[in-house]
Amino acid sequence: MDRFKRTPIAEQAPKVRSHNFKEVCLGYTEEEAVAEAKRCLNCKNPQCMTKCPVSVNIPEFIHEIAEGNFAEAAKVLAKYTALPAVCGRVCPQESQCESKCVLGNKGDAVAIGKLERFAADWAREHNIEVATAKEKNGHKVAVIGSGPAGITCAGDLAKEGYDVTIYEALHKPGGVLVYGIPEFRLPKDTVVKHEIENLKKLGVKIETNVIVGRTITIDDLFEKGNYDAVFIGSGAGLPKFMGIPGENYNGVFSANEFLTRNNLMKAFKDEYDTPIKVGKKVAVVGGGNVAMDAARTAKRLGAEVWIVYRRSEEELPARAEEVHHAKEEGINFELLTNPIEIVGDEKGWVKGIKCVRMELGEPDKSGRRRPEPIEGSEFEFEVDTVIMALGTSPNPLIPSTTKGLEVDKRRCIVADESGRTSREGVFAGGDAVTGAATVILAMGAGKEAAAAIDEYINK
Amino acid sequence: MYKIVDKKNLAPNIFSMDILAPRVAQSAQPGQFVIVIADEKGERVPLTICDYDTEKGTVTIVVQSTGCSTKKMAEYNVGDYFEDFVGPLGQPSEYVNEDLNELKKKKVLFVAGGVGTAPVYPQARWFHERGIDVDVIIGAKTKELVILEEKMSKVAGNLYVATDDGSYGFKGMVTNLIEDLVKNQGKKYDFIVCIGPMIMMKFVCKLTKELGIKTIVSLNPIMVDGTGMCGACRVSVGNETKFACVDGPEFDGHLVNFDEALRRQTQYKSEESEKGGQHVCKCQQGGAK
Ligand SMILES: Cc1cc2nc3c(=O)[nH]c(=O)nc-3n(C[C@H](O)[C@H](O)[C@H](O)COP(=O)(O)OP(=O)(O)OC[C@H]3O[C@@H](n4cnc5c(N)ncnc54)[C@H](O)[C@@H]3O)c2cc1C
Ligand SMILES: Cc1cc2nc3c(=O)[nH]c(=O)nc-3n(C[C@H](O)[C@H](O)[C@H](O)COP(=O)(O)OP(=O)(O)OC[C@H]3O[C@@H](n4cnc5c(N)ncnc54)[C@H](O)[C@@H]3O)c2cc1C
Ligand code: SF4
Ligand code: SF4
Ligand code: FES
Ligand SMILES: [Mg+2]
């Protein structure tokens, strides 16, 4: 065995998978997982852990895998993350845990994410119970939103004996895990559903079709619902548009609309009623995970796809694996390119996109080099669909209907590290507080808030 | 699951249903809407709240079967359940928050087109309950498509009916009738609320702009989530892009870009009829009740 070479993992071939919605990565077998786990040096001072936002004890769980104790590995993980099967699949490992693995200095970092996923999948497939709830303590907590932040907060509180109800605006729980991230990266019926079922087993009640701020308010929850505390995990669902001419032509969609139709409403399946429009040539504007997901979904629906991104490949914010998979699947990349106008035909349907080439100038506030348009480089190319994947911001609905709940300039809810907001008894975390971020950060925030809520109620 | 506790046929292809949804009934206000999903495979269909009963916990919807999802809904009967029912969505009508004494000084005209008569009814009743009798125009293509006339007559001040073919009431479009009322009969209105097909609202607004009467319209663009998450419902209002589901659905009609709104409404038309051949919608192929 070469200690510096990562154990290969099976994937669906690009030609095959670009025509189906099944998961791309097939996961390690037991033998492969053990082999990969044995590469870990079990460092005394594990640098990998310093870059995991929830400080998973990485050498400990990997050691259990190396010993063939898969159930034990899952139990170690459960101490730190409520959603290891999800995090193992979607964390940006290359910039987090794996970026600091010592093996990475000379060769390939240990496949921490893939091993995490293996342990979690193994536990699920073997019906290993990883969590139990304490006896009910008589206190009620309401959780708004069923994304990673809400799921984690609800799960942790239920384990402590709280009577927890999640209120979810959509008709299915899961947040972005269900409506945003596609099936081919995160299977819904196995992975996500299992996490929701686990919550229910812990006694968490989930009420879908309840929009807090419309159907009920936070004040109602305290006054009529007799909740002791409320956690807001409502995410950052509001899509941004560019504000360029032609953006309201027929055929211009937000990535959220496109992905929601496909993932939540299952438009890709003939027997579901919701229609989806993909066209033959699709431009996806943006370079993050959302853009990659929209592009690869459009590809699977039969379109030829271009990613249009204003910076260079190095700055693509998407996970490296997604960019790699997108390229393998034949997605075209127009980098250092920025749309300036969407061109429509006489009936108001998209027929092209006008762009300008960019070059990188001085670093901006984010430390990334600022893209600047190259004069005279305008060009147009033919597309019939444009998908805007420019990022999202928090929905103002809850702050606007909750007196005394402070928000910042970006409309994010203001909360301290423990999730305490400006309203007594109201906690918040995840994308609603940070703006669009990651699953693991949302989960971490849900965990912190659960601890703070427990302390608040018991003080 | 949300139980259907009452169903009435109001006209050919137009029916009303009372749905048991206590929380929605409790919070509903005039001008708001709900989203209904008929079955597990259904799409999210936005429908205006036409009435609500906080005691019974019911919300009334009035639906015109125009395409696959609304036809699917028409097959449901009393005792059946819809899979999902969510609301109330959108902003309540502006006047709900206005000072009542100020409001009482105003002359208001409601213009209802076709199935749009249903959402006008609770609004007219809202005024009636507060001692203000508003004028109402009900417009329809032909006599048998005039709905809710009797109920409306109980809450409206003057009720006028117009049919395109003259089979009942005033012969002509609602725009002709508005012109007649204002120009020939000397009626004065402080504002108009117009709810109906997009094309009707467009022409009413064109006229009332000339007449200088403020006009509120209730837009019905394509929607998915109805909570501000997808942007499918975007409309241009006074050169700003608004999301109708959260910023509306009611807007100042004189600022709405109707041509764009009409065009955007057709976005999924071919898509749905293409599926499975000629004019067979997606939902007619598989989705069972
Ligand atoms: C397409 C896409 C791909 C992504 N890929 C990755 C990835 O690969 N890796 C990664 O780490 N992160 C990824 N992210 C980001 C990640 O999914 C989010 O950071 C994370 O889901 C945030 O979790 P959350 O719990 O704060 O919010 P969300 O997951 O957004 O959940 C919020 C929930 O609250 C509900 N809600 C909102 N308002 C209300 C209300 N008023 N009342 C009731 N319920 C309400 C919403 O319907 C939703 O279900 C991706 C995001 C998208 C959109
Ligand atoms: C805020 C709002 C309130 C509404 N209130 C009512 C109501 O009270 N009663 C009623 O009968 N209808 C109402 N509508 C319209 C209703 O939602 C559509 O008729 C319905 O979605 C059409 O679905 P379908 O599959 O039966 O028909 P389709 O064949 O899909 O469409 C028929 C026609 O409706 C348009 N349309 C398609 N989907 C939508 C959509 N989601 N929203 C609007 N138009 C669409 C299409 O462009 C087409 O012209 C409302 C729409 C909105 C947005
Ligand atoms: S949770 Fe994410 S960052 Fe932490 S160890 Fe697992 S994959 Fe790495
Ligand atoms: S740094 Fe790498 S080798 Fe060391 S414990 Fe972490 S995963 Fe194992
Ligand atoms: S319907 Fe999705 S934002 Fe309005
Ligand atoms: Mg339809």
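Let's start with ligand 3, which is surrounded by Cys52(A), Pro53(A), Ile58(A), Cys87(A), Cys91(A), Gln93(A), Gln96(A), Cys97(A), Ile112(A), Glu116(A) and Ile440(A). To be listed here, a residue needs a heavy atom within 4 Å of the ligand. Sorted by class, that shell has 8 nonpolar residues, 2 polar ones and 1 charged one. The classes work like this: Ala, Val, Leu, Ile, Met, Phe, Trp, Tyr, Cys and Pro are nonpolar, Asp, Glu, Lys and Arg are charged, and the others, Gly among them, are polar.

A quick word on what you're looking at: this is a predicted model, where local features need pLDDT of at least 70 and side-chain atom pairs count only at pLDDT 80 or more, while totals for chains, interfaces and linings use all residues. Residues are numbered from 1 along each chain as its sequence is written, chains are lettered from A and ligands numbered from 1 in the order in which they are written, and side-chain values use heavy atoms, with hydrogens and water left out.

Now move over to ligand 2. It has 23 residues around it, and the closest are Pro46(B), Val62(B), Gln64(B), Thr70(B) and Gln265(B). By class, this shell splits into 11 nonpolar, 9 polar and 3 charged residues. Which elements supply at least two residues each? They are strand E4 (45-48), strand E6 (58-64), helix H2 (68-74) and H10 of chain B, and E4(B) has the largest share, with 4 residues. Helices here are DSSP runs of H or I with at least four residues, strands are runs of E with at least two, and both are numbered from the N terminus.

A polar backbone atom of Pro46(B) is 2.7 Å from an oxygen atom of the ligand. Glu43(B) uses a polar side-chain atom, 3.2 Å from a ligand oxygen, and Gly67(B) has a backbone N or O atom at 3.2 Å from one. On its own, ligand 2 has 840 Å² of accessible area, and the protein covers 86% of that; such areas come from the Shrake-Rupley method with a 1.4 Å probe, and for residues only the protein chains shown count as cover.

Next, how do the two chains meet? The contact (heavy atoms within 4.5 Å) takes 48 residues from chain B and 44 residues from chain A. Together they bury about 3,900 Å², 49% of it on carbon and sulfur atoms; buried area is the accessible area (1.4 Å probe) that two parts lose on being put together, summed over both. Across this interface there are 26 residue pairs in polar contact, both at pLDDT 80 or more. On the side of chain B that touches chain A, E8(B) gives the most, with 6 residues. That side divides evenly by number into 16 nonpolar, 16 polar and 16 charged residues.

The interface also has 2 salt bridges, where a side-chain nitrogen of Lys or Arg sits within 4 Å of a carboxyl oxygen of Asp or Glu. In one salt bridge, Glu207(A) pairs with Arg23(B), with the closest N and O atoms 2.9 Å apart. Over all chains, the whole structure has 49 salt bridges. Another pair is Arg117(A) with Glu23(A), at 3.2 Å between the closest N and O atoms. Arg117(A) lies in helix H7 (residues 112-125) of chain A and Glu23(A) in the loop between helix H1 (14-17) and helix H2 (30-37), so this pair ties together parts that are 94 residues apart in sequence.

Finally, have a look at the backbone. Gly87(B) and Pro88(B) are joined by a cis peptide bond, with omega about -5°, and Pro88(B) is found in strand E8 of chain B. The bond from Gly248(B) to Pro249(B) is cis too, with omega near 15°. In chain A, Asn209(A) has a phi near 60°, a positive value in a residue other than glycine.

Conventions
Polar contact = N/O pair within 3.5 Å; in protein donor to acceptor, adjacent residues only side chain to side chain.
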